[in-house]
Amino acid sequence: QVPAIALPEDGEWFWKPFLAPEGKPLVIVPTSPLLRLGTDGDSEQTLRGGYKIPKNKMPEFHDTIHFRELKNFTFVPTTTDYTGIGEALGLLNLDRLFGSQGKTIRVKPGRLTDYTEIQAGNTIMLGGGNQWTNRVFFNPQGFSVSEGVIKNDNPGPGELSLYLPKFDPVTNNLIRDYALVLMAPNQNKQGRLLFLYGLYTQGTEAATAYVTNVERLGELRKALLAISPDKESTPPFFVALLSVPVENYVPGEASLVAVRIIPD
(Lines give C-alpha, C1' and ligand atoms only; values in the text may rest on other atoms or scores of the structure.)
Protein backbone atom coordinates (compact mmCIF):
# COMPACT_ATOMS: atom_id res chain seq x y z
CA GLN A 1 0.00 0.00 0.00
CA VAL A 2 1.41 3.40 -1.03
CA PRO A 3 1.15 6.14 1.60
CA ALA A 4 -1.24 8.93 0.68
CA ILE A 5 1.23 11.52 1.96
CA ALA A 6 4.99 10.98 2.23
CA LEU A 7 6.42 11.55 5.70
CA PRO A 8 8.31 14.89 5.78
CA GLU A 9 12.06 14.86 6.37
CA ASP A 10 11.62 16.11 9.94
CA GLY A 11 9.62 12.96 10.67
CA GLU A 12 11.41 10.49 8.43
CA TRP A 13 14.73 10.60 10.32
CA PHE A 14 12.92 9.39 13.45
CA TRP A 15 10.45 6.90 12.02
CA LYS A 16 12.20 5.48 8.93
CA PRO A 17 13.61 2.39 10.74
CA PHE A 18 10.09 1.47 11.87
CA LEU A 19 8.63 1.87 8.37
CA ALA A 20 10.76 -0.78 6.64
CA PRO A 21 8.65 -3.00 4.34
CA GLU A 22 9.50 -6.20 6.18
CA GLY A 23 7.82 -6.92 9.50
CA LYS A 24 5.33 -5.03 11.65
CA PRO A 25 6.52 -2.90 14.57
CA LEU A 26 5.57 -4.37 17.93
CA VAL A 27 3.95 -2.00 20.43
CA ILE A 28 4.01 -3.06 24.08
CA VAL A 29 1.46 -1.68 26.54
CA PRO A 30 1.92 -2.15 30.28
CA THR A 31 -0.61 -3.85 32.53
CA SER A 32 -0.26 -1.99 35.79
CA PRO A 33 -0.93 -3.72 39.13
CA LEU A 34 -3.87 -2.10 40.88
CA LEU A 35 -6.82 -2.57 43.19
CA ARG A 36 -10.17 -2.48 41.41
CA LEU A 37 -13.65 -2.44 42.89
CA GLY A 38 -15.15 -5.88 43.30
CA THR A 39 -18.71 -6.51 42.08
CA ASP A 40 -21.44 -9.15 42.35
CA GLY A 41 -19.99 -10.62 39.17
CA ASP A 42 -16.80 -11.64 40.95
CA SER A 43 -16.33 -15.06 42.45
CA GLU A 44 -16.59 -15.50 46.22
CA GLN A 45 -12.90 -16.41 46.28
CA THR A 46 -11.97 -13.15 44.56
CA LEU A 47 -14.02 -11.09 47.01
CA ARG A 48 -12.62 -12.95 50.01
CA GLY A 49 -9.16 -11.89 48.92
CA GLY A 50 -10.18 -8.24 48.68
CA TYR A 51 -9.86 -5.32 51.04
CA LYS A 52 -13.02 -3.70 52.42
CA ILE A 53 -13.11 0.06 52.90
CA PRO A 54 -16.27 1.83 54.16
CA LYS A 55 -17.82 3.97 51.45
CA ASN A 56 -17.80 7.03 53.68
CA LYS A 57 -14.00 6.75 53.83
CA MET A 58 -13.80 7.23 50.04
CA PRO A 59 -15.33 10.68 49.33
CA GLU A 60 -13.38 10.83 46.03
CA PHE A 61 -15.76 8.17 44.69
CA HIS A 62 -18.96 9.95 45.75
CA ASP A 63 -19.96 11.12 42.26
CA THR A 64 -19.21 7.83 40.50
CA ILE A 65 -21.65 5.16 39.41
CA HIS A 66 -19.79 2.70 41.65
CA PHE A 67 -20.73 4.70 44.75
CA ARG A 68 -24.41 4.57 43.82
CA GLU A 69 -24.59 0.96 42.62
CA LEU A 70 -22.33 -0.98 44.98
CA LYS A 71 -23.51 -1.87 48.48
CA ASN A 72 -19.97 -1.72 49.81
CA PHE A 73 -16.45 -1.19 48.57
CA THR A 74 -14.27 -4.27 48.34
CA PHE A 75 -11.05 -3.64 46.44
CA VAL A 76 -9.52 -6.69 44.78
CA PRO A 77 -6.01 -6.91 43.29
CA THR A 78 -5.38 -7.41 39.59
CA THR A 79 -2.17 -7.52 37.58
CA THR A 80 -3.57 -8.53 34.19
CA ASP A 81 -6.47 -6.32 33.12
CA TYR A 82 -5.71 -2.60 32.93
CA THR A 83 -3.43 -0.13 31.21
CA GLY A 84 -3.28 3.63 31.56
CA ILE A 85 -5.41 6.21 29.76
CA GLY A 86 -2.28 7.88 28.41
CA GLU A 87 -0.96 4.59 27.08
CA ALA A 88 -4.29 3.85 25.36
CA LEU A 89 -4.47 7.30 23.73
CA GLY A 90 -0.79 7.08 22.83
CA LEU A 91 -1.48 3.79 21.08
CA LEU A 92 -4.17 5.55 19.04
CA ASN A 93 -1.65 8.22 17.97
CA LEU A 94 0.82 5.56 16.88
CA ASP A 95 -1.82 3.67 14.93
CA ARG A 96 -2.78 6.85 13.08
CA LEU A 97 0.83 7.59 12.23
CA PHE A 98 1.60 4.13 10.90
CA GLY A 99 -1.74 3.93 9.12
CA SER A 100 -0.96 7.18 7.29
CA GLN A 101 2.18 5.45 6.00
CA GLY A 102 0.33 2.34 4.86
CA LYS A 103 1.71 0.21 7.68
CA THR A 104 0.06 -1.76 10.48
CA ILE A 105 1.38 -2.46 13.96
CA ARG A 106 1.19 -5.39 16.36
CA VAL A 107 0.07 -4.72 19.94
CA LYS A 108 0.68 -6.93 22.97
CA PRO A 109 0.57 -6.47 26.73
CA GLY A 110 3.96 -6.64 28.40
CA ARG A 111 3.03 -9.67 30.51
CA LEU A 112 2.50 -11.73 27.33
CA THR A 113 5.75 -10.67 25.69
CA ASP A 114 9.15 -12.21 26.32
CA TYR A 115 12.53 -10.51 26.07
CA THR A 116 13.47 -12.42 22.91
CA GLU A 117 10.42 -11.12 21.06
CA ILE A 118 11.09 -7.55 22.13
CA GLN A 119 14.68 -7.75 20.89
CA ALA A 120 13.84 -9.50 17.61
CA GLY A 121 12.68 -6.47 15.63
CA ASN A 122 11.41 -2.93 15.93
CA THR A 123 9.63 -2.44 19.25
CA ILE A 124 7.89 0.52 20.87
CA MET A 125 7.25 0.34 24.61
CA LEU A 126 4.65 2.60 26.18
CA GLY A 127 4.74 3.61 29.82
CA GLY A 128 7.00 3.06 32.77
CA GLY A 129 5.00 0.30 34.41
CA ASN A 130 6.32 -2.33 32.03
CA GLN A 131 8.38 -5.16 33.47
CA TRP A 132 10.79 -4.98 30.52
CA THR A 133 11.56 -1.27 30.80
CA ASN A 134 14.32 -1.68 33.35
CA ARG A 135 16.08 -4.25 31.16
CA VAL A 136 17.44 -1.37 29.10
CA PHE A 137 20.64 0.18 30.40
CA PHE A 138 20.66 3.93 30.10
CA ASN A 139 23.74 5.84 29.07
CA PRO A 140 25.55 6.85 32.29
CA GLN A 141 25.77 10.38 30.85
CA GLY A 142 22.01 10.42 30.38
CA PHE A 143 18.97 9.88 32.54
CA SER A 144 17.69 7.02 34.65
CA VAL A 145 14.33 6.30 36.23
CA SER A 146 14.02 4.97 39.75
CA GLU A 147 11.25 5.06 42.36
CA GLY A 148 9.05 7.32 40.26
CA VAL A 149 11.57 10.10 39.60
CA ILE A 150 14.05 10.86 36.81
CA LYS A 151 17.68 11.13 37.87
CA ASN A 152 20.26 13.16 36.01
CA ASP A 153 23.72 12.18 37.23
CA ASN A 154 25.56 14.65 35.00
CA PRO A 155 23.48 17.84 34.83
CA GLY A 156 24.30 20.29 32.10
CA PRO A 157 23.90 24.08 32.38
CA GLY A 158 20.43 24.93 33.65
CA GLU A 159 19.53 21.27 34.27
CA LEU A 160 18.47 19.67 37.53
CA SER A 161 19.94 16.54 39.08
CA LEU A 162 16.45 15.26 39.92
CA TYR A 163 13.14 15.69 38.10
CA LEU A 164 10.07 15.03 40.23
CA PRO A 165 6.40 15.35 39.34
CA LYS A 166 4.71 18.43 40.81
CA PHE A 167 1.34 18.71 42.53
CA ASP A 168 -1.00 21.59 43.29
CA PRO A 169 -0.53 22.51 46.97
CA VAL A 170 -4.28 23.01 47.48
CA THR A 171 -5.94 20.26 45.41
CA ASN A 172 -2.99 17.83 45.30
CA ASN A 173 -3.72 17.34 41.59
CA LEU A 174 -0.80 16.55 39.30
CA ILE A 175 0.30 19.75 37.52
CA ARG A 176 3.69 18.75 36.06
CA ASP A 177 4.89 15.40 34.74
CA TYR A 178 8.14 14.37 33.08
CA ALA A 179 8.78 11.84 30.35
CA LEU A 180 11.66 10.23 28.49
CA VAL A 181 11.91 9.44 24.79
CA LEU A 182 14.61 6.80 24.42
CA MET A 183 15.78 5.46 21.05
CA ALA A 184 18.19 2.53 21.33
CA PRO A 185 19.39 -0.35 19.13
CA ASN A 186 17.95 -3.80 19.66
CA GLN A 187 20.17 -6.76 20.47
CA ASN A 188 21.14 -7.62 16.89
CA LYS A 189 21.64 -3.94 15.97
CA GLN A 190 19.24 -4.38 13.03
CA GLY A 191 16.17 -2.87 14.68
CA ARG A 192 15.19 -0.16 17.11
CA LEU A 193 13.78 -0.02 20.62
CA LEU A 194 11.74 3.09 21.31
CA PHE A 195 10.64 3.85 24.86
CA LEU A 196 7.99 6.48 25.57
CA TYR A 197 8.15 6.64 29.33
CA GLY A 198 6.12 9.03 31.50
CA LEU A 199 6.37 9.08 35.27
CA TYR A 200 2.56 9.19 35.14
CA THR A 201 0.22 8.15 32.37
CA GLN A 202 -0.12 11.81 31.31
CA GLY A 203 3.60 11.95 30.56
CA THR A 204 3.39 8.87 28.35
CA GLU A 205 0.48 10.37 26.41
CA ALA A 206 2.35 13.65 25.89
CA ALA A 207 5.55 11.86 24.82
CA THR A 208 3.60 9.90 22.20
CA ALA A 209 1.96 13.09 20.95
CA TYR A 210 5.42 14.66 20.73
CA VAL A 211 6.98 11.94 18.58
CA THR A 212 3.97 11.72 16.25
CA ASN A 213 4.12 15.47 15.56
CA VAL A 214 6.51 16.26 12.68
CA GLU A 215 7.16 19.83 13.84
CA ARG A 216 8.20 18.65 17.30
CA LEU A 217 10.48 16.00 15.76
CA GLY A 218 12.14 18.80 13.80
CA GLU A 219 12.80 20.55 17.10
CA LEU A 220 14.26 17.35 18.57
CA ARG A 221 16.46 16.80 15.53
CA LYS A 222 17.83 20.33 15.76
CA ALA A 223 18.72 19.79 19.44
CA LEU A 224 20.50 16.51 18.63
CA LEU A 225 22.46 18.05 15.74
CA ALA A 226 23.67 20.76 18.10
CA ILE A 227 25.39 18.16 20.29
CA SER A 228 26.48 15.73 17.54
CA PRO A 229 30.26 15.48 16.97
CA ASP A 230 30.14 16.76 13.38
CA LYS A 231 27.08 19.02 13.76
CA GLU A 232 25.73 17.50 10.52
CA SER A 233 24.70 13.87 11.21
CA THR A 234 21.68 13.16 13.36
CA PRO A 235 22.68 10.67 16.10
CA PRO A 236 20.65 7.47 15.63
CA PHE A 237 20.43 6.67 19.35
CA PHE A 238 19.54 9.18 22.02
CA VAL A 239 17.39 10.02 25.02
CA ALA A 240 15.30 13.17 25.39
CA LEU A 241 13.73 14.56 28.54
CA LEU A 242 10.32 16.23 28.23
CA SER A 243 8.41 18.42 30.66
CA VAL A 244 4.62 18.07 30.55
CA PRO A 245 2.09 20.51 32.05
CA VAL A 246 -1.06 18.83 33.35
CA GLU A 247 -4.44 20.43 34.02
CA ASN A 248 -7.48 18.53 35.28
CA TYR A 249 -5.50 15.31 34.69
CA VAL A 250 -5.12 16.16 30.98
CA PRO A 251 -1.59 16.66 29.61
CA GLY A 252 -0.69 19.79 27.69
CA GLU A 253 1.99 20.20 25.05
CA ALA A 254 5.35 18.79 26.13
CA SER A 255 8.47 20.93 26.04
CA LEU A 256 11.98 19.65 25.41
CA VAL A 257 14.23 19.97 28.45
CA ALA A 258 17.44 18.17 27.46
CA VAL A 259 18.89 15.58 25.08
CA ARG A 260 21.75 13.09 25.31
CA ILE A 261 23.43 10.97 22.66
CA ILE A 262 23.65 7.23 23.31
CA PRO A 263 26.85 5.73 21.83
CA ASP A 264 26.25 3.02 19.21
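Q: Which residues does N122 touch, not counting those up to four places away in sequence?
A: N122 touches P17, F18, P25, L26, G191 and R192, with contact meaning heavy atoms within 4.5 Å. One caveat on the source: this is a predicted model, where local features need pLDDT of at least 70, side-chain atom pairs count only at pLDDT 80 or more, and totals for chains, interfaces and linings use all residues. Residues are numbered from 1 along each chain as its sequence is written, and side-chain values use heavy atoms, with hydrogens and water left out.

Q: OK, and where is N122 placed?
A: In the loop between α5 (115-120) and β6 (123-126). Helices (H or I, at least four residues) and strands (E, at least two) are DSSP runs, numbered from the N terminus.

Q: Does N122 count as buried or exposed, and why?
A: N122 counts as buried because its relative accessibility is 16%. Buried means under 20% relative accessible area, exposed over 50%, and partly exposed in between (1.4 Å probe, protein chains only).

Q: What does the side chain of N122 reach?
A: The backbone oxygen of P17, at 2.8 Å. A polar atom of that N122 side chain also lies 2.8 Å from the backbone nitrogen of R192.

Q: Switching to β13: how many of its residues are buried?
A: Eight of the 10 residues in β13 (residues 238-247) are buried, so that strand is mostly covered.

Q: And which strand pairs with β13 over eight bridges?
A: That's β11 (residues 174-185), in the antiparallel sense. Two strands pair if DSSP finds at least two bridges between them. R176, for one, has P245 in β13 as its bridge partner.

Q: What does β13 join through six bridges?
A: Strand β15 (residues 255-261), and the two run antiparallel. L242 stands opposite L256 in β15.

Q: Which strand forms a hairpin with β13?
A: β14 does, with two residues between them, and N248 in the turn has a positive phi of about 55°. β14 (residues 250-251) pairs with β13 in the antiparallel sense over two bridges, and V246 stands opposite P251.

Q: What's the strand order in the open sheet of three strands?
A: β2-β4-β3, with antiparallel pairing. The edge strands, β2 (34-37) and β3 (51-53), each pair on one side only. β2 and β4 (residues 73-78) pair over four bridges, and the bridge partner of L37 in β4 is F75.

Q: Last one: how many residues of helix α6 are buried?
A: Nine of the 11 in α6 (residues 201-211), which is mostly covered. The buried residues include Q202, E205 and Y210.

Methods
Polar contact = N/O pair within 3.5 Å; in protein donor to acceptor, adjacent residues only side chain to side chain.
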